[in-house]
Amino acid sequence: MIYRHLDYPADTPITELGDAALDDLLDNADLEAWRPLARAIATDPHGALADRVLNLCDANPRYGTSPLWRAWIARRRAMAISPPALELTLADLRRTRGMSQAELASEIGMSQSDLSKAERRMDWKVSTLRMIANGLSLRVRIIVEDGDGRMIGAIVREPDSSGIDDGAPRVPEV
């Protein structure tokens with residue numbers, strides 16, 4: 001393969017390409033040529049190759065592809081977090097924000113007693129979760145997985161800029 005003025009054997013592993021070749025791949029390639037790069041990053045989204053791609057996107061920003069690569073790597077990194085680290089109770093989330101039940105309840109217009117009950121529940125309404133998350137300056141995303149536990153989509157619905165939720169679905173993140 002020829003990247004810029006550099007000639008690499010066709011079977012050169014993507015991780016062994018120099019920065020100039022990798023930069024050329026990011027700049028001039030198509031989806032098919034990016035496939036090995038995407039596979040390598042998906043295997044280790046916190047690895048050196050992902051960091052190199054992010055650094056190249058920062059050093060040589062490309063109008064369309066740099067934001068796409070940054071977002072894709074960020075999603076892969078988020079998906080790579082082990083599930084136990086994600087299993088937090090509402091009370092854990094509140095505590096990580098440094099808020100007491102009384103403070104959060106006041107912030108969201110709920111009694112402290114009702115918030116205490118909500119924190120102990122296991123079957124929340126999405127609207128209740130959103131209200132509590134909003135009070136913690138967080139947002140709720142519902143992750144949709146297939147039978148093998150692979151994320152196939154996310155349902156994200158947020159209020160418009162007026163703060164009124166019109167009920168219209170927003171573009172799902174995949």
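Modeller: Mean confidence in the chain is lowest in helix α5 (residues 83-86), at 52, and highest in helix α7 (residues 101-108), at 94. The score is pLDDT, the predictor's confidence in each residue, from 0 to 100; helices are DSSP runs of H or I, at least four residues, numbered from the N terminus. The chain averages a pLDDT of 80, and 81% of the residues score at least 70. Over residues 160-174 pLDDT stays under 50, and the model has 23 contacts beyond four places in sequence for them; a contact means heavy atoms within 4.5 Å. Where pLDDT is low, the predicted coordinates should not be read in detail.

This is a predicted model, in which local features need pLDDT of at least 70 and side-chain atom pairs count only at pLDDT 80 or more, while totals for chains, interfaces and linings use all residues. Residues are numbered from 1 along each chain as its sequence is written, and side-chain values use heavy atoms, with hydrogens and water left out.

A nonpolar core is a set of buried Ala, Val, Leu, Ile, Met, Phe, Trp, Tyr and Cys residues joined through side-chain atoms within 4.5 Å; buried means under 20% relative accessible area, with a 1.4 Å probe and protein chains only. The largest such core has 18 residues, of which L22, L37, I41, V53 and W69 touch the most other members. At least two residues of this core come from each of α1 (19-28), α2 (31-43), α3 (48-59) and α4 (65-79). The largest share, 6 residues, is from α3. Leaving aside residues up to four places away in sequence, V53 touches L22, L26, L37, I41, W69 and I73. A second, separate core of 13 residues has I108, L115, L129 and I132 among its members.

Terms used:
Buried means under 20% relative accessible area, exposed over 50%, partly exposed in between (1.4 Å probe, protein chains only).
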